[in-house]
Structures are given as C-alpha cells and as structure tokens.
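Please read it with the sequence and the coordinates at hand.

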Amino acid sequence: MPQYQTWEEFSRAAEKLYLADPMKARVVLKYRHSDGNLCVKVTDDLCLVYKTDQAQDVKKIEKFHSQLMRLMVAKEARNVTMETE
C-alpha cells in the first residue's frame, strides 16, 4: 500500500488510478480527531494513501475530492482530465 509524502504525487497517481477504471475506483476520507490526522485513500484493489495533519492541506483535499466527484458524474468521464496543482 503506497503512502505518498507529497500531495502532488498522490493526486497524479490517484487521478491515473481513477481514469484507468472509473467503475472500480473508490475514495475514502477519514479524519481521526484523537491524532488530528486526515487520511485520503483511493483504491481499486491497489491502495493509494495520503495522510496529513496540516490545515492547509484540507483545501487541496477538498478541491481534489470535488473534482473527482465531477468526473464521476460526467458523461464523458474518460475524456476529461482533472486540473491538479
């Protein structure tokens, strides 16, 4: 289970994983208050994980999640690519 240290690497890998097979991909957001950690997991049986305790990463994760949701509801999901920073 690859755990990424930088947001850019994780977002690119997660986008590729989703676009490879959109019907099989799953996204999980998990917040642990006791640790103050936010964990994003994207999987299609290959699991990509990004964990952070930084408040500024929450905006990046929120933007990524909303872009991913737009891809999921788009009719031409395979032709649309996400714009990640």
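What percentage of the 85 residues in the protein chain do buried residues make up? Buried residues account for 36% of them, where buried means under 20% relative accessible area, exposed means over 50%, and partly exposed lies in between (1.4 Å probe, protein chains only). This is a predicted model, in which local features need pLDDT of at least 70 and side-chain atom pairs count only at pLDDT 80 or more, while totals for chains, interfaces and linings use all residues. Residues are numbered from 1 along each chain as its sequence is written, and side-chain values use heavy atoms, with hydrogens and water left out.

## Overall fold

The protein chain contains two helices and four strands, arranged along the sequence in the pattern β-α-β-β-β-α. Helices (H or I, at least four residues) and strands (E, at least two) are DSSP runs, numbered from the N terminus. Of the contacts between residues at least 6 apart in sequence, 49% join residues at least 24 apart; a contact means heavy atoms within 4.5 Å.

## The sheet

The four strands form an open sheet with mixed pairing, in the order β1-β4-β3-β2. Two strands count as paired if DSSP finds at least two bridges between them. At the edges are β1 (3-4) and β2 (26-32), each of which pairs on one side only.

β1 and β4 are parallel and share two bridges; Tyr4 has Tyr50 in β4 as its bridge partner. β3 and β4 run antiparallel and are joined by six bridges, with Leu38 opposite Thr52 in β4. Strand β3 (residues 37-43) is also antiparallel to β2, through seven bridges, and here Arg32 stands opposite Asn37 in β3. In general, strands of a sheet pair through backbone hydrogen bonds, either parallel or antiparallel.

Why is β4 largely enclosed by the rest of the structure? Five of the six residues of β4 are buried, so the strand is largely enclosed.

## The helices

Helix α1 (residues 7-20) packs on the sheet and touches β1, β3 and β4 (47-52), its direction making about 150° with that of β4. Helix α2 (residues 56-73) lies across β2, β3 and β4 and runs at about 155° to β2. For these angles, axes are lines fitted to C-alpha atoms, for helices over the stretch in contact, and values run from 0 to 180 degrees between N-to-C directions.

## The turn between β3 and β4

β3 and β4 form a hairpin with three residues between them, and Asp45 in the turn has a positive phi of about 85°. Asp44 also belongs to the loop between β3 and β4. Leaving aside residues up to four places away in sequence, Asp44 touches Leu17, Lys24, Ala25 and Arg26.

Asp44 is buried yet has no salt bridge, the nearest side chain of opposite charge being Lys24, 5.4 Å away. Lys and Arg count as positive and Asp and Glu as negative; His and the chain ends are not counted.

## Salt bridges

A salt bridge is a side-chain nitrogen of Lys or Arg within 4 Å of a carboxyl oxygen of Asp or Glu. The structure holds five salt bridges, including those tabulated here.

| Pair | Closest N to O distance |
|---|---|
| Asp45 and Arg26 | 3.6 Å |
| Lys59 and Glu62 | 4.0 Å |

Asp45 and Arg26 link distant parts of the chain, the loop between β3 and β4 and strand β2, 19 residues apart. Asp45 is exposed at 62% relative accessibility, whereas Arg26 is partly exposed at 40%. Lys24, Arg26 and Asp45 are linked in a network of salt bridges.

Asp57 and Lys60 both lie in helix α2, three residues apart, about one turn of the helix. Asp57 is buried at 9% relative accessible area, while Lys60 is partly exposed at 35%. Lys59 and Glu62 are likewise three residues apart in helix α2 and separated by about one helical turn; Lys59 is exposed at 62% and Glu62 partly exposed at 48%.

## Cysteines

With a disulfide defined as a pair of cysteine sulfur atoms within 2.5 Å, the count is zero. Cys39 is in no disulfide, because the sulfur of Cys47 is 7.9 Å from that of Cys39, too far for a bond. Cys39 is buried at 13% relative accessibility, and Cys47 is buried at 14%.
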